[in-house]
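Dear colleague,

Here is the structure I promised to hand over. Please have it open while you read the notes below it.

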Amino acid sequence: MKVVTSVLNGFRSFVVQLPRLHKILLLLAALILSGALVSPSSSAPERIRKSIELPLSLSDAEAAQALPAPEVLVAAGQDAEPEHEQSYIVRKGDTLSKIFEVFRIPQATMYKLLEADLDVLALDTIRPGHRLEFDFNDKQLLTRFTFKSGLTYKVVFSREKVGSFEVKEHIAKGQWRREVFAGEVHGSFHLSAKKAGTTLAEAYSITTLLKERVKFRRDARAGDKFQVVVSRQYVKDQPTGNSKVEGFRYQGKTRTLSAFLFNESYYDEKGRSLEKAFQRIPLKKRYRISSSFNPRRRHPITKKIRPHNGTDFPLRIGTPVLSAGDGVVSRVIRHRYAGLYIEIKHGYKYRTRYLHLSKALVRKGQKVSRGQRIALSGNSGRSTGPHLHYEFHINNRPVNPMTAKIPVVKTIASSKKGAFRQQVARQSKLMQQLQAEQAVARVAENDAP
Ligand SMILES: [Zn+2]
(Lines give C-alpha, C1' and ligand atoms only; values in the text may rest on other atoms or scores of the structure.)
Protein backbone atom coordinates (compact mmCIF):
# COMPACT_ATOMS: atom_id res chain seq x y z
CA MET A 1 0.00 0.00 0.00
CA LYS A 2 2.94 2.23 -0.63
CA VAL A 3 1.17 4.64 -2.95
CA VAL A 4 -1.84 5.24 -0.77
CA THR A 5 0.32 5.42 2.33
CA SER A 6 2.57 8.00 0.76
CA VAL A 7 -0.50 9.98 -0.29
CA LEU A 8 -1.65 9.76 3.31
CA ASN A 9 1.72 10.81 4.69
CA GLY A 10 1.96 13.58 2.14
CA PHE A 11 -1.39 14.82 3.20
CA ARG A 12 -0.52 14.49 6.87
CA SER A 13 2.57 16.67 6.54
CA PHE A 14 0.52 19.09 4.46
CA VAL A 15 -1.99 19.38 7.28
CA VAL A 16 0.75 19.77 9.91
CA GLN A 17 2.22 22.71 8.00
CA LEU A 18 -1.08 24.58 7.89
CA PRO A 19 -2.02 27.36 10.33
CA ARG A 20 -4.50 26.33 13.00
CA LEU A 21 -7.48 28.15 11.46
CA HIS A 22 -6.98 26.38 8.17
CA LYS A 23 -6.92 23.02 9.93
CA ILE A 24 -10.24 23.78 11.57
CA LEU A 25 -11.72 24.90 8.25
CA LEU A 26 -10.50 21.75 6.56
CA LEU A 27 -11.94 19.58 9.28
CA LEU A 28 -15.22 21.47 8.98
CA ALA A 29 -15.29 20.94 5.22
CA ALA A 30 -14.67 17.25 5.81
CA LEU A 31 -17.53 17.05 8.27
CA ILE A 32 -19.87 18.75 5.81
CA LEU A 33 -18.74 16.34 3.13
CA SER A 34 -19.25 13.28 5.29
CA GLY A 35 -22.65 14.70 6.28
CA ALA A 36 -23.56 14.88 2.62
CA LEU A 37 -22.51 11.26 2.25
CA VAL A 38 -25.09 9.97 4.68
CA SER A 39 -27.93 12.27 3.60
CA PRO A 40 -30.56 9.86 2.25
CA SER A 41 -32.66 12.29 0.24
CA SER A 42 -30.04 13.76 -2.03
CA SER A 43 -28.96 12.04 -5.21
CA ALA A 44 -25.55 13.70 -5.05
CA PRO A 45 -23.73 11.45 -2.52
CA GLU A 46 -22.65 8.88 -5.07
CA ARG A 47 -21.13 11.65 -7.17
CA ILE A 48 -19.41 13.26 -4.22
CA ARG A 49 -18.03 9.94 -3.11
CA LYS A 50 -16.52 9.37 -6.53
CA SER A 51 -15.05 12.81 -6.84
CA ILE A 52 -13.23 12.66 -3.51
CA GLU A 53 -11.63 9.30 -4.14
CA LEU A 54 -7.88 9.89 -4.44
CA PRO A 55 -6.41 8.81 -7.74
CA LEU A 56 -3.73 6.22 -7.12
CA SER A 57 -1.22 7.70 -9.49
CA LEU A 58 -1.04 11.07 -7.74
CA SER A 59 2.33 12.35 -6.65
CA ASP A 60 2.60 13.81 -3.14
CA ALA A 61 2.49 17.34 -4.49
CA GLU A 62 -0.61 16.64 -6.52
CA ALA A 63 -2.20 14.85 -3.59
CA ALA A 64 -1.71 17.92 -1.42
CA GLN A 65 -3.75 19.92 -3.92
CA ALA A 66 -6.41 17.29 -4.40
CA LEU A 67 -9.49 17.28 -2.24
CA PRO A 68 -8.86 14.65 0.43
CA ALA A 69 -11.32 11.95 1.40
CA PRO A 70 -12.99 12.73 4.75
CA GLU A 71 -11.89 9.52 6.40
CA VAL A 72 -8.29 10.36 5.55
CA LEU A 73 -8.64 13.70 7.29
CA VAL A 74 -10.16 12.21 10.40
CA ALA A 75 -7.43 9.59 10.59
CA ALA A 76 -4.79 12.28 10.24
CA GLY A 77 -6.46 14.45 12.85
CA GLN A 78 -6.57 11.67 15.41
CA ASP A 79 -3.14 10.49 14.39
CA ALA A 80 -4.60 6.97 14.29
CA GLU A 81 -3.11 4.11 12.32
CA PRO A 82 -5.27 3.75 9.20
CA GLU A 83 -7.24 0.53 9.08
CA HIS A 84 -6.02 -2.22 6.85
CA GLU A 85 -8.97 -1.81 4.56
CA GLN A 86 -8.18 0.07 1.38
CA SER A 87 -10.73 0.88 -1.24
CA TYR A 88 -10.67 1.93 -4.82
CA ILE A 89 -13.31 3.17 -7.24
CA VAL A 90 -12.70 1.78 -10.70
CA ARG A 91 -11.92 4.42 -13.32
CA LYS A 92 -12.14 4.50 -17.07
CA GLY A 93 -9.27 2.57 -18.64
CA ASP A 94 -8.51 0.51 -15.52
CA THR A 95 -7.87 -3.19 -15.74
CA LEU A 96 -7.82 -5.60 -12.85
CA SER A 97 -4.11 -6.30 -13.33
CA LYS A 98 -3.33 -2.58 -13.45
CA ILE A 99 -5.23 -1.94 -10.23
CA PHE A 100 -3.58 -4.91 -8.52
CA GLU A 101 -0.18 -3.70 -9.61
CA VAL A 102 -0.81 -0.33 -7.96
CA PHE A 103 -1.90 -2.11 -4.77
CA ARG A 104 1.27 -4.27 -4.92
CA ILE A 105 -0.70 -7.49 -5.12
CA PRO A 106 1.32 -10.26 -6.78
CA GLN A 107 0.07 -11.67 -10.05
CA ALA A 108 -0.09 -15.14 -8.45
CA THR A 109 -2.65 -13.79 -5.97
CA MET A 110 -4.68 -12.31 -8.80
CA TYR A 111 -4.74 -15.69 -10.52
CA LYS A 112 -5.93 -17.29 -7.26
CA LEU A 113 -8.76 -14.75 -7.16
CA LEU A 114 -9.63 -15.41 -10.79
CA GLU A 115 -9.68 -19.11 -10.01
CA ALA A 116 -12.19 -18.56 -7.21
CA ASP A 117 -14.08 -16.17 -9.50
CA LEU A 118 -14.79 -19.08 -11.83
CA ASP A 119 -17.70 -19.98 -9.54
CA VAL A 120 -19.39 -16.59 -9.86
CA LEU A 121 -17.73 -14.86 -12.85
CA ALA A 122 -18.05 -11.47 -11.20
CA LEU A 123 -14.62 -9.99 -11.91
CA ASP A 124 -15.25 -9.73 -15.65
CA THR A 125 -18.02 -7.28 -15.04
CA ILE A 126 -15.82 -4.64 -13.38
CA ARG A 127 -16.64 -1.23 -14.79
CA PRO A 128 -15.89 2.41 -13.89
CA GLY A 129 -17.71 3.36 -10.71
CA HIS A 130 -17.52 -0.11 -9.15
CA ARG A 131 -15.90 -0.29 -5.73
CA LEU A 132 -13.05 -2.61 -4.78
CA GLU A 133 -11.98 -3.17 -1.18
CA PHE A 134 -8.75 -4.74 -0.04
CA ASP A 135 -7.81 -6.10 3.37
CA PHE A 136 -4.21 -6.92 4.14
CA ASN A 137 -2.62 -8.57 7.13
CA ASP A 138 0.54 -7.31 8.85
CA LYS A 139 2.69 -9.00 6.23
CA GLN A 140 0.91 -7.09 3.44
CA LEU A 141 -0.76 -10.31 2.35
CA LEU A 142 -4.17 -9.82 0.77
CA THR A 143 -6.61 -11.53 3.14
CA ARG A 144 -9.88 -10.32 1.70
CA PHE A 145 -10.96 -8.75 -1.54
CA THR A 146 -14.45 -7.31 -2.03
CA PHE A 147 -16.10 -6.29 -5.27
CA LYS A 148 -19.19 -4.09 -5.07
CA SER A 149 -21.41 -3.26 -8.00
CA GLY A 150 -24.22 -0.83 -7.35
CA LEU A 151 -26.17 -0.96 -4.12
CA THR A 152 -27.22 -4.56 -4.26
CA TYR A 153 -24.36 -6.74 -5.44
CA LYS A 154 -21.23 -7.70 -3.51
CA VAL A 155 -18.72 -10.52 -3.90
CA VAL A 156 -16.26 -11.29 -1.12
CA PHE A 157 -13.10 -13.32 -1.72
CA SER A 158 -11.56 -14.56 1.54
CA ARG A 159 -8.16 -16.17 1.75
CA GLU A 160 -8.25 -19.78 2.87
CA LYS A 161 -5.42 -21.33 4.89
CA VAL A 162 -4.12 -23.23 1.87
CA GLY A 163 -3.51 -20.03 -0.12
CA SER A 164 -6.55 -20.09 -2.34
CA PHE A 165 -9.64 -17.93 -1.99
CA GLU A 166 -13.18 -18.75 -1.02
CA VAL A 167 -15.83 -16.74 -2.80
CA LYS A 168 -19.22 -15.58 -1.54
CA GLU A 169 -21.83 -13.64 -3.44
CA HIS A 170 -24.14 -11.26 -1.55
CA ILE A 171 -27.25 -9.91 -3.23
CA ALA A 172 -29.22 -7.35 -1.19
CA LYS A 173 -32.96 -7.86 -1.34
CA GLY A 174 -33.87 -4.22 -0.72
CA GLN A 175 -37.47 -3.05 -0.76
CA TRP A 176 -39.71 -3.24 -3.77
CA ARG A 177 -42.17 -0.38 -4.24
CA ARG A 178 -45.02 -0.41 -6.69
CA GLU A 179 -45.70 2.61 -8.90
CA VAL A 180 -48.39 3.25 -11.49
CA PHE A 181 -48.09 5.40 -14.61
CA ALA A 182 -50.55 6.35 -17.32
CA GLY A 183 -49.98 8.18 -20.57
CA GLU A 184 -50.79 8.71 -24.22
CA VAL A 185 -48.70 7.95 -27.25
CA HIS A 186 -47.28 11.00 -29.02
CA GLY A 187 -44.22 10.15 -31.07
CA SER A 188 -42.49 6.88 -30.19
CA PHE A 189 -43.95 4.53 -27.59
CA HIS A 190 -40.66 4.45 -25.66
CA LEU A 191 -40.46 8.22 -25.28
CA SER A 192 -44.18 8.49 -24.50
CA ALA A 193 -43.77 5.90 -21.73
CA LYS A 194 -40.75 7.76 -20.40
CA LYS A 195 -42.77 10.98 -20.37
CA ALA A 196 -45.47 9.16 -18.39
CA GLY A 197 -42.88 8.26 -15.75
CA THR A 198 -41.34 4.90 -16.65
CA THR A 199 -37.63 4.53 -17.33
CA LEU A 200 -36.49 3.78 -20.86
CA ALA A 201 -35.36 0.33 -19.66
CA GLU A 202 -38.88 -0.38 -18.40
CA ALA A 203 -40.37 0.83 -21.70
CA TYR A 204 -37.98 -1.45 -23.62
CA SER A 205 -38.86 -4.42 -21.44
CA ILE A 206 -42.53 -3.87 -22.38
CA THR A 207 -41.86 -3.81 -26.11
CA THR A 208 -39.56 -6.84 -25.80
CA LEU A 209 -42.18 -8.73 -23.82
CA LEU A 210 -44.84 -8.05 -26.45
CA LYS A 211 -42.67 -8.19 -29.54
CA GLU A 212 -44.39 -11.33 -30.83
CA ARG A 213 -47.78 -9.61 -30.64
CA VAL A 214 -47.22 -6.02 -31.67
CA LYS A 215 -44.79 -3.75 -33.47
CA PHE A 216 -45.29 -0.45 -31.71
CA ARG A 217 -43.42 1.42 -34.41
CA ARG A 218 -45.96 0.21 -36.96
CA ASP A 219 -49.12 -0.20 -34.87
CA ALA A 220 -49.05 2.70 -32.39
CA ARG A 221 -51.17 5.77 -33.20
CA ALA A 222 -51.06 9.23 -31.66
CA GLY A 223 -53.52 9.39 -28.79
CA ASP A 224 -53.36 5.65 -27.94
CA LYS A 225 -53.63 5.23 -24.18
CA PHE A 226 -51.49 3.00 -21.95
CA GLN A 227 -50.94 2.26 -18.27
CA VAL A 228 -48.00 0.62 -16.54
CA VAL A 229 -47.53 -0.84 -13.06
CA VAL A 230 -43.85 -1.19 -12.14
CA SER A 231 -42.14 -2.50 -9.05
CA ARG A 232 -38.86 -0.73 -8.29
CA GLN A 233 -36.15 -1.81 -5.90
CA TYR A 234 -34.77 0.55 -3.26
CA VAL A 235 -31.93 0.08 -0.79
CA LYS A 236 -32.00 2.66 2.02
CA ASP A 237 -34.33 4.86 -0.05
CA GLN A 238 -31.97 4.87 -3.01
CA PRO A 239 -33.27 3.36 -6.25
CA THR A 240 -30.99 0.52 -7.30
CA GLY A 241 -32.01 0.65 -10.94
CA ASN A 242 -33.59 -2.78 -10.68
CA SER A 243 -37.24 -2.79 -11.60
CA LYS A 244 -39.82 -5.03 -13.13
CA VAL A 245 -42.98 -4.33 -15.06
CA GLU A 246 -45.86 -5.95 -13.19
CA GLY A 247 -48.76 -4.85 -15.33
CA PHE A 248 -49.34 -3.20 -18.69
CA ARG A 249 -52.47 -2.21 -20.58
CA TYR A 250 -52.72 -0.62 -23.96
CA GLN A 251 -55.86 0.81 -25.56
CA GLY A 252 -54.91 1.70 -29.12
CA LYS A 253 -56.79 2.58 -32.28
CA THR A 254 -55.53 -0.58 -33.95
CA ARG A 255 -54.66 -2.82 -30.96
CA THR A 256 -55.54 -3.50 -27.36
CA LEU A 257 -53.00 -5.41 -25.31
CA SER A 258 -52.31 -6.47 -21.77
CA ALA A 259 -49.54 -8.15 -19.80
CA PHE A 260 -49.48 -9.12 -16.14
CA LEU A 261 -46.71 -10.65 -14.07
CA PHE A 262 -47.99 -13.58 -12.03
CA ASN A 263 -45.80 -16.16 -10.25
CA GLU A 264 -42.76 -14.77 -12.08
CA SER A 265 -44.27 -15.22 -15.55
CA TYR A 266 -46.17 -12.91 -17.89
CA TYR A 267 -49.73 -13.54 -19.05
CA ASP A 268 -52.32 -11.49 -20.88
CA GLU A 269 -55.47 -10.60 -18.95
CA LYS A 270 -57.10 -13.85 -20.04
CA GLY A 271 -54.25 -15.82 -18.48
CA ARG A 272 -52.47 -16.84 -21.69
CA SER A 273 -48.68 -17.06 -21.34
CA LEU A 274 -46.68 -14.36 -23.13
CA GLU A 275 -43.39 -16.20 -22.74
CA LYS A 276 -41.68 -18.55 -25.07
CA ALA A 277 -40.22 -21.75 -23.72
CA PHE A 278 -36.53 -22.59 -23.44
CA GLN A 279 -34.88 -25.55 -25.08
CA ARG A 280 -33.34 -27.84 -22.49
CA ILE A 281 -30.03 -28.42 -24.30
CA PRO A 282 -28.29 -25.63 -26.22
CA LEU A 283 -27.20 -28.00 -28.97
CA LYS A 284 -28.74 -29.41 -32.14
CA LYS A 285 -29.05 -32.91 -30.71
CA ARG A 286 -28.67 -34.68 -27.42
CA TYR A 287 -25.04 -35.38 -26.51
CA ARG A 288 -23.54 -37.42 -23.69
CA ILE A 289 -23.05 -35.59 -20.39
CA SER A 290 -19.53 -35.98 -18.97
CA SER A 291 -20.11 -34.04 -15.77
CA SER A 292 -23.39 -33.00 -14.22
CA PHE A 293 -24.40 -30.00 -12.17
CA ASN A 294 -23.08 -30.67 -8.66
CA PRO A 295 -22.86 -28.17 -5.81
CA ARG A 296 -20.16 -30.31 -4.12
CA ARG A 297 -17.86 -31.70 -6.75
CA ARG A 298 -14.17 -32.55 -6.39
CA HIS A 299 -12.52 -30.62 -9.20
CA PRO A 300 -10.79 -32.97 -11.71
CA ILE A 301 -7.72 -30.71 -11.99
CA THR A 302 -7.38 -28.98 -8.62
CA LYS A 303 -8.90 -31.88 -6.57
CA LYS A 304 -10.65 -29.31 -4.39
CA ILE A 305 -14.32 -29.30 -3.50
CA ARG A 306 -15.85 -26.66 -5.74
CA PRO A 307 -19.39 -26.39 -7.01
CA HIS A 308 -19.86 -27.49 -10.58
CA ASN A 309 -22.37 -24.91 -11.68
CA GLY A 310 -23.25 -26.39 -15.03
CA THR A 311 -23.56 -29.40 -17.27
CA ASP A 312 -20.59 -30.53 -19.38
CA PHE A 313 -21.08 -31.97 -22.85
CA PRO A 314 -17.93 -33.41 -24.47
CA LEU A 315 -17.98 -32.05 -28.02
CA ARG A 316 -15.73 -31.99 -31.02
CA ILE A 317 -14.20 -28.48 -31.28
CA GLY A 318 -16.32 -26.35 -33.62
CA THR A 319 -19.71 -27.88 -32.75
CA PRO A 320 -22.42 -25.19 -33.08
CA VAL A 321 -23.74 -23.93 -29.73
CA LEU A 322 -27.31 -22.59 -29.75
CA SER A 323 -29.03 -20.02 -27.57
CA ALA A 324 -31.31 -21.84 -25.13
CA GLY A 325 -33.95 -19.13 -25.40
CA ASP A 326 -34.82 -15.64 -26.64
CA GLY A 327 -32.65 -13.02 -25.05
CA VAL A 328 -29.89 -10.46 -25.27
CA VAL A 329 -26.16 -11.25 -25.25
CA SER A 330 -24.86 -9.70 -22.05
CA ARG A 331 -21.24 -10.89 -22.16
CA VAL A 332 -18.71 -12.15 -24.67
CA ILE A 333 -15.58 -12.48 -22.60
CA ARG A 334 -12.23 -14.26 -22.50
CA HIS A 335 -11.52 -15.52 -18.97
CA ARG A 336 -8.32 -17.19 -17.82
CA TYR A 337 -10.18 -20.25 -16.55
CA ALA A 338 -13.64 -20.10 -18.17
CA GLY A 339 -12.02 -19.47 -21.54
CA LEU A 340 -14.02 -17.67 -24.20
CA TYR A 341 -17.54 -17.55 -22.84
CA ILE A 342 -20.93 -16.05 -23.62
CA GLU A 343 -23.71 -15.03 -21.28
CA ILE A 344 -27.27 -14.42 -22.44
CA LYS A 345 -29.96 -12.69 -20.39
CA HIS A 346 -33.49 -13.94 -20.93
CA GLY A 347 -35.56 -11.24 -19.25
CA TYR A 348 -34.79 -10.26 -15.68
CA LYS A 349 -35.11 -13.75 -14.22
CA TYR A 350 -33.10 -16.13 -16.36
CA ARG A 351 -29.62 -16.20 -17.81
CA THR A 352 -27.49 -18.83 -19.49
CA ARG A 353 -23.71 -19.20 -19.84
CA TYR A 354 -21.65 -21.11 -22.39
CA LEU A 355 -17.99 -21.70 -21.48
CA HIS A 356 -14.74 -22.91 -23.10
CA LEU A 357 -15.81 -21.80 -26.61
CA SER A 358 -13.54 -21.57 -29.63
CA LYS A 359 -15.44 -18.83 -31.48
CA ALA A 360 -18.26 -16.40 -30.68
CA LEU A 361 -20.78 -15.78 -33.46
CA VAL A 362 -22.60 -12.97 -31.64
CA ARG A 363 -21.55 -9.71 -30.01
CA LYS A 364 -22.50 -8.09 -26.73
CA GLY A 365 -25.88 -6.36 -26.82
CA GLN A 366 -27.16 -8.45 -29.72
CA LYS A 367 -30.68 -9.86 -29.55
CA VAL A 368 -30.81 -13.61 -30.10
CA SER A 369 -33.66 -16.04 -30.43
CA ARG A 370 -34.03 -19.57 -29.20
CA GLY A 371 -32.09 -22.04 -31.30
CA GLN A 372 -29.90 -19.38 -32.90
CA ARG A 373 -26.23 -20.29 -33.39
CA ILE A 374 -24.25 -18.17 -30.97
CA ALA A 375 -20.84 -19.87 -30.89
CA LEU A 376 -18.65 -22.82 -31.78
CA SER A 377 -17.59 -25.10 -28.96
CA GLY A 378 -13.94 -25.37 -27.96
CA ASN A 379 -11.41 -26.15 -25.29
CA SER A 380 -10.41 -22.67 -24.13
CA GLY A 381 -9.54 -21.74 -20.53
CA ARG A 382 -8.91 -24.44 -17.96
CA SER A 383 -10.45 -27.55 -19.39
CA THR A 384 -9.76 -31.26 -19.31
CA GLY A 385 -10.72 -31.68 -22.96
CA PRO A 386 -12.96 -30.20 -25.65
CA HIS A 387 -16.39 -29.66 -24.13
CA LEU A 388 -19.19 -27.20 -23.58
CA HIS A 389 -19.89 -26.16 -19.99
CA TYR A 390 -23.47 -24.91 -19.93
CA GLU A 391 -25.04 -23.00 -17.03
CA PHE A 392 -28.62 -22.01 -16.37
CA HIS A 393 -29.32 -19.35 -13.72
CA ILE A 394 -32.64 -18.48 -12.13
CA ASN A 395 -32.67 -15.21 -10.18
CA ASN A 396 -28.86 -15.08 -10.32
CA ARG A 397 -28.39 -18.56 -8.88
CA PRO A 398 -27.07 -21.47 -10.91
CA VAL A 399 -29.48 -24.40 -11.14
CA ASN A 400 -29.22 -27.80 -12.76
CA PRO A 401 -29.89 -27.03 -16.45
CA MET A 402 -31.14 -30.56 -17.06
CA THR A 403 -33.75 -30.71 -14.31
CA ALA A 404 -34.62 -27.10 -13.37
CA LYS A 405 -38.18 -25.92 -13.77
CA ILE A 406 -37.93 -23.65 -16.75
CA PRO A 407 -40.86 -21.94 -18.47
CA VAL A 408 -42.80 -24.30 -20.63
CA VAL A 409 -46.11 -23.42 -18.98
CA LYS A 410 -48.72 -22.01 -21.29
CA THR A 411 -51.61 -21.54 -18.89
CA ILE A 412 -52.18 -20.78 -15.22
CA ALA A 413 -53.11 -23.78 -13.08
CA SER A 414 -56.85 -23.83 -12.45
CA SER A 415 -56.25 -23.62 -8.69
CA LYS A 416 -54.41 -20.28 -9.20
CA LYS A 417 -56.84 -18.74 -11.69
CA GLY A 418 -58.86 -16.98 -8.99
CA ALA A 419 -55.78 -15.30 -7.55
CA PHE A 420 -54.68 -14.24 -11.02
CA ARG A 421 -58.08 -12.72 -11.87
CA GLN A 422 -58.09 -10.81 -8.59
CA GLN A 423 -54.64 -9.39 -9.26
CA VAL A 424 -55.60 -8.34 -12.80
CA ALA A 425 -58.76 -6.67 -11.51
CA ARG A 426 -56.91 -4.84 -8.73
CA GLN A 427 -54.16 -3.53 -10.99
CA SER A 428 -56.55 -2.65 -13.82
CA LYS A 429 -58.62 -0.57 -11.42
CA LEU A 430 -55.53 1.39 -10.32
CA MET A 431 -54.55 1.94 -13.95
CA GLN A 432 -58.02 3.11 -15.00
CA GLN A 433 -58.26 5.49 -12.06
CA LEU A 434 -54.93 7.07 -12.91
CA GLN A 435 -55.79 7.34 -16.62
CA ALA A 436 -59.11 9.02 -15.73
CA GLU A 437 -57.40 11.44 -13.32
CA GLN A 438 -54.91 12.39 -16.01
CA ALA A 439 -57.72 12.97 -18.49
CA VAL A 440 -59.36 15.32 -15.99
CA ALA A 441 -56.03 17.07 -15.41
CA ARG A 442 -55.57 17.53 -19.15
CA VAL A 443 -59.07 18.96 -19.62
CA ALA A 444 -58.36 21.39 -16.81
CA GLU A 445 -55.08 22.36 -18.47
CA ASN A 446 -56.77 22.93 -21.80
CA ASP A 447 -59.45 25.09 -20.17
CA ALA A 448 -56.87 27.29 -18.53
CA PRO A 449 -56.64 30.68 -20.23
ZN1 LIG B 1 -18.11 -27.78 -16.43
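I begin with Leu 200, which lies in helix H9, residues 200-209; helices here are DSSP runs of H or I with at least four residues, strands are runs of E with at least two, and both are numbered from the N terminus. At 31% relative accessibility, Leu 200 counts as partly exposed, a class that sits between buried (under 20% relative accessible area) and exposed (over 50%), with a 1.4 Å probe and protein chains only. Together with Leu 191 and Tyr 204, Leu 200 forms a nonpolar patch on the surface, with about 290 Å² of accessible area for the three together. The areas come from the Shrake-Rupley method with a 1.4 Å probe, and for residues only the protein chains shown count as cover.

Before going further, please note that this is a predicted model, in which local features need pLDDT of at least 70 and side-chain atom pairs count only at pLDDT 80 or more, while totals for chains, interfaces and linings use all residues. Residues are numbered from 1 along each chain as its sequence is written, and side-chain values use heavy atoms, with hydrogens and water left out.

As for the chain overall, it has eleven helices and 21 strands, and buried residues make up 46% of its 449 residues. The chain exposes about 24,300 Å², of which carbon and sulfur atoms supply 53%.

Glu 133, in strand S2, is buried, with a relative accessible area of 9%. The side chain of Glu 133 is joined to that of Lys 148 by a polar contact of 3.0 Å (a pair of N or O atoms within 3.5 Å; within protein, one must be able to donate a hydrogen and the other to accept it, and residues adjacent in sequence count only if both atoms are side-chain atoms).

Finally, most residues other than glycine have a negative phi.

Conventions: Patches are made of residues with over 30% relative accessible area and no salt bridge: like charges are joined within 9 Å, nonpolar side chains (Val, Leu, Ile, Met, Phe, Trp, Tyr) within 5 Å. A salt bridge is a side-chain nitrogen of Lys or Arg within 4 Å of a carboxyl oxygen of Asp or Glu.
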